[in-house]
Amino acid sequence: MWQFFHKLGSPKWFFGISTRFMPWLLAGGILLLMSGVIWGLAFAPKDYLQGNSYRIIFIHVPTAFMAQSVYIMMASAALVTLVWRMKLADVFVKAVAPVGLVLTFLALFTGAVWGKPTWGTWWIWDARLTSMLILLFLYGGVIALDRAINDEKSAARAVAVLVLVGVVNIPIIKYSVEWWNTLHQPATFKLTEKPSMPAEMWVPLLLSVLGLYLIFGWLACVRMQTEILSREQRTRWVKEFVMKGRV
Amino acid sequence: MNAEVRPAVRLASSSVGVLAAMKGVFARDMRVAFRQRQDLLNPLLFFVMVVTLFPLGVSPEVSFLSEAGAGILWVAALLSVLLSLDHLFRHDFDDGTLEQLVLQPQPLFLLILAKTIAHWMLTGLPLVILTPVLGVMVHLDGNSIAILCLTLLIGTPVLSLIGAIGAALTLGLRSAGVLLSLLIIPLYIPVLIFGTGTVAAAAEGASVGAYLALMGAFLMLALTLAPFAAAAALKISLSNA
């Protein structure tokens, strides 16, 4: 158990193990995402109220879901950075913050595109939308702070504090549709209840969420590996890796 | 700056109790601030000027101002607190006082809490006191002004406390001012929403108890957690310098 814990902190070990996982993550992610999206866009039944315009849900929900999920993962990693000073944790935070920013932007963008035909407007100052916008700002702040501090270690720890402070926004986003009367519909998936839509709709949606998860995993590995290589460029194993092409 | 204006913190002995140490930090911050009165006035002038921009820039109509007045005052107060945050640690950081503070045997988060309370007394509280005057100028009715003052009284300490985290994180960085705003404004938004929401609810004749309770909850949350985050951030920034 402890050996595993120590290994988890070693960039070299992670570099080796992630290289083995990555093809599977990418292949599984593409397979699930494509089947979910194609099933959703082409074969799932039409919504009786919204017609075909609801089909953007197969992009919107996965990105919105991931945008929040990535922040929670970042926050967990930030806690690990502050408590155990684990090198990989701050590599993770730094590597995935831009991914989270892009996912949040995509969620807002697809939401706007979906809002136009169904609500009749691109944007409203609704609790869910506003709190997602705050999430976008938080990601932006994290990236800006990281860039502003030159020293790598201080940057990592300062960013960790900021990420943890920003966590208060996550429950606000999550429950905004339940606490306030908003235009945005409540959550599509809940752990405790059956989805309110028919299986032909929620199964492809679930597939695309899982697919995006895997693709995010792959992307996180790629970005972490790049970050590790640049941080550890003076170590012997990185030099050997560059010369021989393997760890 | 010379030592006459900025006396050293004197609590080096560990026999000084935590409360006495907090009192010492608080008293020193107040004394330093009152020796440089212009710094105290600046955020207030800024507050008044920002409020002035809205009638001139948007519309001087009574109907618009009485509707948007509470929001304008809240935004102006928020910006003015944001502007003053740079002073919270900057001078102490420049002349080394902050390092001495970190080295004190008393827990750093309590000393920071004392500093933040002093900061609020010097910026947030004067804003609240000035609000009735500006409220009359933007044609708010008496009830709205009272509620607005109450929300600012609960809300501005939250702004100071959250701001302390941002000020500590950006200490000693290039372009710290803009970065500080970028980091802190997202965290200020919930306070702003509930602050103006309370006044709007009161104007509609609804009960404001729930709103005020939520703002009180914000204050308690910030009061208990923000000093810890600010202390952690301060230690990181100092080790970086």
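In this predicted model, Val93(A) has, once its neighbours within four places in sequence are left aside, contacts with Met74(A), Ala77(A), Ala78(A) and Thr81(A), and also with Val159(A), Ala160(A) and Val163(A).

Two packed helices are described by the angle between their axes and the distance between the axes. For H8(B) and helix H9 of chain B, residues 176–203, the angle is about 165° and the axes are 9 Å apart. Because angles over 145 degrees count as roughly antiparallel, H8(B) is roughly antiparallel to H9(B). The crossing of H8(B) and H9(B) is right-handed, and the residues of the contact between these two helices comprise 16 nonpolar and 8 polar ones, with no charged residue.

The remaining topic is the contact between the chains, to which chain A and chain B each bring 17 residues. On the side of chain A that touches chain B, the elements giving two or more residues are helix H5 (127–148) and helix H6 (152–166) of chain A, and H5(A) gives the most, with 8 residues. By residue class, this side of chain A divides into 12 nonpolar, 3 polar and 2 charged residues.

Notes: Residues numbered from 1 in each chain as written. Chains lettered and ligands numbered in written order. Predicted model: local features only at pLDDT ≥ 70, side-chain atom pairs only at ≥ 80, totals over all residues. Contact = placed C-beta atoms within 7 Å. Helix = DSSP H or I, 4+ residues; strand = E, 2+ residues; numbered from the N terminus. Nonpolar A, V, L, I, M, F, W, Y, C, P; charged D, E, K, R; others polar. Axes fitted to C-alpha atoms, helices over the stretch in contact; angles between N-to-C directions. Parallel < 35°, antiparallel > 145°, perpendicular 65-115°, else oblique. Left-handed = near helix turned anticlockwise from the far one by under 90°.
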